[in-house]
Amino acid sequence: MLFLVAALLLLGVALGSVAHAPISVSLVAAAVIGVWLVVFTIRERHGRRHS
């Protein structure tokens, strides 16, 4: 339950900061996070196949 409260608090902080940022900054940040997640996924799948 405490984890859920902490996750919701962090989500609220993240959405609050995005609401005040210009749309271009939000889109660039979203693209960077998306690329990072794709790279992380590829590295994880590659690592598990060769282990």
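This is a short chat about the fold, surface and some residues of a predicted model.

Me: What kind of model is this, and which pLDDT do local features need?
Reply: The model is predicted: local features need pLDDT of at least 70, side-chain atom pairs count only at pLDDT 80 or more, and totals for chains, interfaces and linings use all residues. Residues are numbered from 1 along each chain as its sequence is written, and side-chain values use heavy atoms, with hydrogens and water left out.

Me: OK. How many helices and strands does the chain have?
Reply: The chain has 2 helices and 0 strands. Both terms refer to DSSP runs, numbered from the N terminus: helices are H or I with at least four residues, strands are E with at least two. Helix H1 covers residues 2-20. Helix H2 covers residues 23-50.

Me: Is the chain spread out or compact?
Reply: Spread out, more so than a compact globule, because its radius of gyration is 16 Å, well over the 10 Å that the globule rule gives for 51 residues. That radius is taken over C-alpha atoms, and the rule is 2.2 Å times the number of residues to the power 0.38.

Me: What box do the C-alpha atoms fill?
Reply: Roughly 45 × 35 × 5 Å, along the principal axes.

Me: And how much of the chain is buried?
Reply: Of the 51 residues, 2% count as buried. Buried means under 20% relative accessible area, exposed means over 50%, and partly exposed is in between (1.4 Å probe, protein chains only).

Me: Take Ser26. Buried or exposed?
Reply: Ser26 counts as buried because its relative accessible area is 16%. Ser26 sits in helix H2.

Me: What does Ser26 touch?
Reply: Val18 and Ala21, leaving aside neighbours within four places in sequence. Contact here means heavy atoms within 4.5 Å.

Me: Switching to the surface. What is its area?
Reply: The accessible surface comes to about 4900 Å², and 77% of that belongs to carbon and sulfur atoms. Accessible areas come from the Shrake-Rupley method with a 1.4 Å probe; for residues, only the protein chains shown count as cover.

Me: Which residues form the nonpolar patch?
Reply: Met1, Leu2, Leu4, Val5, Leu8, Leu11 and Leu15, with about 800 Å² of accessible area together. One of them, Leu11, lies in helix H1 and is partly exposed at 46% relative accessible area.

Me: What about Leu27?
Reply: Leu27, in helix H2, is exposed at 56%. Its C-alpha atom is 22 Å from that of Ala7, 20 residues apart along the chain.

Me: And where is Ile23?
Reply: In helix H2. Ile23 counts as exposed, at 63% relative accessibility. The C-alpha atoms of Ile23 and Val35 are separated by 18 Å.

Methods. Patch = residues over 30% accessible without salt bridge, like charges linked within 9 Å, V, L, I, M, F, W, Y side chains within 5 Å. Salt bridge = Lys/Arg side-chain N within 4 Å of Asp/Glu carboxyl O.
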